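Me: I'm new to reading protein structures. Could you walk me through one, feature by feature?

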Amino acid sequence: MGHKSTLDLEAYREPLVAILGEVIAAPSLTRAQLARVLKRYPKDGRGLFANDDLIRAYRAFAGTEGLPPYDLDVLARLRLKPVRSMSGVTPVTVLTKPFPCPGECLFCPNDVRMPKSYLSNEPGAQRAEQNAFDPYLQTMSRLTALRNTGHPTGKIEVIVLGGTWSFYPETYQIWFVKRIFDALHDFGKGIDRSAAVRDALREVSQLHPERNTTTVTLAGIDLARSYNQAVQSVYDAEMRRSREQAREIARGERDRSPVDEYATWTELAAAHDENEYARCRCVGLVVETRPDHISEEEVIRIRRLGATKVQIGFQSLSDDVLRLNKRGHTVAATRRAVRLLRQAGFKIHAHWMPNLYGSSPEADITDYARMFAEPDFRPDELKIYPCSLIESAELMQRYEDGSWRPYTHDELLHVLVECFRRTPEYCRLTRVVRDIPSTDIVTGDMTTNFRQTVEQALAEQGERSADIRSREIRGQSVEPDGLRLDEQRYVTSAGEEVFLQFVTDDRRVAGFLRLALPSGPPLMDELDGAAMIREVHVYGQSLVPGEESPGKAQHAGLGTRLLDRAAEIAAGQGYARLAVISAVGTRGYYRGRGFADGHLYQFRAL
């Protein structure tokens, strides 16, 4: 949950001001140098001041005691893990509660305390469990931790993970998202209702950490019960309580408390409206689901929630591998899901797994190449999750009988190097290897920094990855006039895509835009005759809306230039309108650039 500084700043004013003075005087200060400065000014003669303490002190003392006025660059030097907000937005991840899952995947962990596929030892899962899987508590605690470590909280990308989102009841989905927005608004106003929410959960919910004391565990080597059967038995009373309360509230038979899992579309729409100009805005909402649970109706429902990106598990593009791993759907379902999501303008964040039962290193390389060679796939972002052997997964049985084994380090490195080579510039590899604690992995490679290992192997051969994440400009200073606008076109199952990017001479990317030029009938009448902007992203340290940082990519006008060029291309292709799948917190930005509100999208006449 992060350290929350309670230091009496006035009592330590002198050493804190001295530390800040040295930090300000050293523009190229490294983390090691900062550590040495802290040792020169120990707290109470022996301890060290925490990053949270320094950040609070800087916010309090900047412009006094001979210190210059508040400066974002100084804050960046004090910030812990600045990369978290270097991509232009600050991510906040929340998990849904334990709930039955439509899948029976061979490789999937069966941790009854968690939503399907997650483990209670994973950092994000631990935060969720400590907060009773409540969306308000998770969001508020994460925002507080980010603020305390110096990260900006004006522009938030909310990432909702846990199980199959589309399998949860609609009323739960609406309530879950609405309560996230409630937390964003309260945080922006300096209000924290967490204590009242915790008290309410303690009274009624089994998910409160003081009451969630299940000792049920599943062993993959001999699954006497399925995950769904175990979750149903452990949380049966909790699920019945939630369903009954939702029905009573819908019938007007009881008043609501903040922890009752019920909200209406009208209430969510009101929360969206408030967020448009809130101090803490949602500039992206991501949900996670399965290909076989994507339909036209589901796509529209996800869009009504305010989502702009969908994480979706491809896992493999081989029907044989999917069948052997009991995935529960075919490649045809993946093709259909991607097409529907593209038609609605969503960013597609795929998950893909090498080393699945029934595959091999060379088969995996072929499978990965297919993902970008065929127009039906071509995801915008991708997580590569090599299959790990978890004790609660049914895959344990295939390991014990010798029909599956984890790749060796060299085999996995070979596969990943070839994957990186085949990743086009329009795709962002957001993660390589899942963040599973080594204590949960039965056997296999436990390297957590495999991305670095792969990049080093490429560098030794005079190559580098072309994916977006490897080319982000991040915190570097840029001169907009020194950037070149590069355009790449490729075919998809929904039409043609144009990937526009501002790049430096060495192809570092400062900003990009994804423009869809659809062919065929639209998914919904609202999009008839419209080209679609699916994403606009400008890199550099995330800034509060309206805040300036000279020399940084954000707020250098790159977004507007990308939009104008997209409008030129769309008009030249004969489209009458340009649509954008805007996040709730970016609606004002697009209105200021000629877009008008539609029902689920915003539009600019061409």
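Reply: First, some ground rules. This is a predicted model, so local features need pLDDT of at least 70 and side-chain atom pairs count only at pLDDT 80 or more, while totals for chains, interfaces and linings use all residues. Residues are numbered from 1 along each chain as its sequence is written, and side-chain values use heavy atoms, with hydrogens and water left out.

Me: Okay, how do I read a sheet? What is the strand order of the open sheet with parallel pairing?

Reply: Strands of a sheet pair through backbone hydrogen bonds, either parallel or antiparallel. Here, helices (H or I, at least four residues) and strands (E, at least two) are DSSP runs, numbered from the N terminus, and two strands pair if DSSP finds at least two bridges between them. This open sheet has seven strands in the order E1-E2-E3-E4-E5-E6-E7, paired in parallel. Strands E1 (90-95) and E7 (428-432) are at the edges with a single partner strand each, so one side of each has no neighbour in the sheet. On average, neighbouring strands of this sheet are turned by 20 degrees against each other, direction ignored. For angles, axes are lines fitted to C-alpha atoms, for helices over the stretch in contact, and the values run from 0 to 180 degrees between N-to-C directions.

Me: Which residue stands opposite Leu382?

Reply: That's Leu429 in E7. Strand E6 (residues 381-384) and E7 run parallel and are joined by four bridges. Helix H17 (residues 409-421) packs on this sheet, touching E5 (347-352), E6 and E7, and its direction makes about 165 degrees with that of E7. Touching is about contact, which means heavy atoms within 4.5 Å.

Me: Now helices. At what angle do H15 and H17 pack?

Reply: Helix H15 (residues 361-373) packs against H17 at about 15 degrees, with the axes 9 Å apart. Angles under 35 degrees count as roughly parallel, over 145 as roughly antiparallel, 65 to 115 as roughly perpendicular and the rest as oblique. H15 and H17 are therefore roughly parallel to each other. Their crossing is right-handed; a crossing is left-handed if the near helix is turned anticlockwise from the far one by less than a right angle, and right-handed if clockwise. Residues making the contact include Ile365 and Tyr368 of H15, along with His414 and Val415 of H17.
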